[in-house]
Amino acid sequence: MSDTTFAPTYGPVPIPVRELLPWAIFGGLLLMLAIYFIGAEEGATSLIRGMYVHEFVHDGRHLLGFPCH
Amino acid sequence: MVGKLLLRGMLVGLVAGILAFAFAHVYGEPQVDKAIAYEEQQAQAAGEAPEPEMVSRAVQAGIGLATGVLVYGAALGGLFSLVFAYAYGRLGSLGPRGTSALLALLGFLAVIVVPSLKYPANPPAVGNPETIGYRTELFFIMIVISIATMVAAVGLAQRLWNRLGAWNASIAAGLAFLVVFALVKAALPDINEVPENFSASVLWQFRVASLGIQLVLWTVVGLGFGAVVERVVAVRDQRGPARRYA
């Protein structure tokens, strides 16, 4: 049983939703916040005053396909 | 287990971001430069004073672009790993690498390709600043609808699986997806704010480069994540009930 390479005696076991949920909520929220800062902050909406974030990630925003000014 | 997947997903996403940055710098930046040159030429012709540069072009095209693409890549990898954590073991008997590759393909179609057919990426100088709120709203609405339709289509394929067989069930679900997309595409308003005399070739090359960046990201995440988590997932599976991978 020390061999961990694929032997066709086992298959995919789903991860229970209750184990997944806290990760999905907190992780998902933080990761989407990161995408928001790259994609939309100081564009359509703004949490920080000024245009520095917008100008700094300007090229990435255009090339990643987000609407930009 | 989910923590392990999330960490690996973000690391793979970061690597994907580095490669996508290289691609963006080589193939995307020349188009951005041409678009900005056009923008400046138009402003000059209209007798407007040049816009003050808050961030220099070199910074925007270098560290600024890198920051944007790397953060986006890591976030994409992380979100991808969370979707994988749910989908794994719930998409028939696909193993970790197959699940990862299939999710990346479906995700690339639902999140990038389909929405960009309606609202494609635009270079600088294209787009009216006054409509940015409206355009951003439509862009995200389109992505949400597209993802929801894809999830529904995968569910449909699974329901039809036993009755029609894998191939026919997938084709039927794919057709259902296309019908919904055609209706949504017709229902949502069009946006065309490309200036009359903007170079068609620059616009085309910009959009191809933009799609290319996403293709690099999703390919590396889809194939890389499967390779990186294969062992972790297999060890966990071995402790579970006896089943078979496809």
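A: Helices are DSSP runs of H or I with at least four residues and strands are DSSP runs of E with at least two, both numbered from the N terminus. In these terms B:Ala125 sits in the loop between helix H3 (96–118) and helix H4 (132–164) of chain B. This is a predicted model, in which local features need a pLDDT of at least 70 and side-chain atom pairs count only at pLDDT 80 or more, while totals for chains, interfaces and linings use all residues. Residues are numbered from 1 along each chain as its sequence is written, and chains are lettered from A and ligands numbered from 1 in the order in which they are written.

B:Ala125 counts as buried because 23 other C-beta atoms lie within 10 Å of its own (a residue is buried at 20 or more such atoms within 10 Å, exposed at 12 or fewer and partly exposed in between, with C-beta atoms placed from the backbone). Leaving aside residues up to four places away in sequence, B:Ala125 touches B:Ala35, B:Tyr38, B:Glu39, B:Pro195 and B:Phe198, where contact means that the C-beta atoms, placed from the backbone, lie within 7 Å. For a sense of scale, B:Ala125 and B:Gln60 are separated by 65 residues in sequence and by 16 Å in space, C-alpha to C-alpha.

Chain B contains 6 helices and 0 strands, and its elements follow one another from the N terminus as α-α-α-α-α-α. The C-alpha trace of chain B extends over about 75 × 40 × 25 Å along its principal axes. Of the contacts in chain B between residues at least 6 apart in sequence, 84% link residues at least 24 apart.

Chain B is divided into domain 1 (1–47 + 57–126 + 198–246) and domain 2 (129–193), bounds that come from an automatic or database domain assignment. Their C-alpha centres are 19 Å apart. The contact between them draws on 8 residues of domain 1 and 13 residues of domain 2, and the side of domain 1 that touches domain 2 holds 7 nonpolar, no polar and 1 charged residues. (Nonpolar covers Ala, Val, Leu, Ile, Met, Phe, Trp, Tyr, Cys and Pro, charged covers Asp, Glu, Lys and Arg, and the others, Gly among them, are polar.)

Two helix pairs show how chain B is packed. Helix packing is described by the angle between the axes and the distance between them; the axes are lines fitted to C-alpha atoms, for helices over the stretch in contact, with angles from 0 to 180 degrees between N-to-C directions. The axes of H1(B) and H6(B) approach within 8 Å and cross at roughly 165 degrees, and these two helices are therefore roughly antiparallel (over 145 degrees; under 35 is roughly parallel, 65 to 115 roughly perpendicular and the rest oblique). H1(B) passes H6(B) in a right-handed crossing (the near helix is turned clockwise from the far one by less than a right angle, anticlockwise being left-handed). By class, this contact has 22 nonpolar, 8 polar and 3 charged residues.

Helix H2 (residues 57–87) of chain B also meets helix H6 (residues 200–239) of chain B, with axes that come within 11 Å and cross at roughly 45 degrees, so H2(B) and H6(B) are oblique to each other. Their crossing is right-handed. H2(B) contributes B:Gly73, B:Leu76, B:Gly77, B:Phe80, B:Ser81 and B:Phe84 to the contact, and H6(B) contributes B:Leu217, B:Val221 and B:Phe225. This contact of H2(B) with H6(B) has 6 nonpolar, 3 polar and no charged residues.

Beyond chain B lies its partner. Chain A has 3 helices and 0 strands, and 36% of its 69 residues are buried. The contact between the chains takes 39 residues from chain A and 56 from chain B. On the chain A side, H1, helix H2 (52–56) and helix H3 (58–63) each supply at least two residues, with H1(A) giving the most at 10 residues. That side of chain A has 24 nonpolar, 11 polar and 4 charged residues.

Methods. Contact = placed C-beta atoms within 7 Å.
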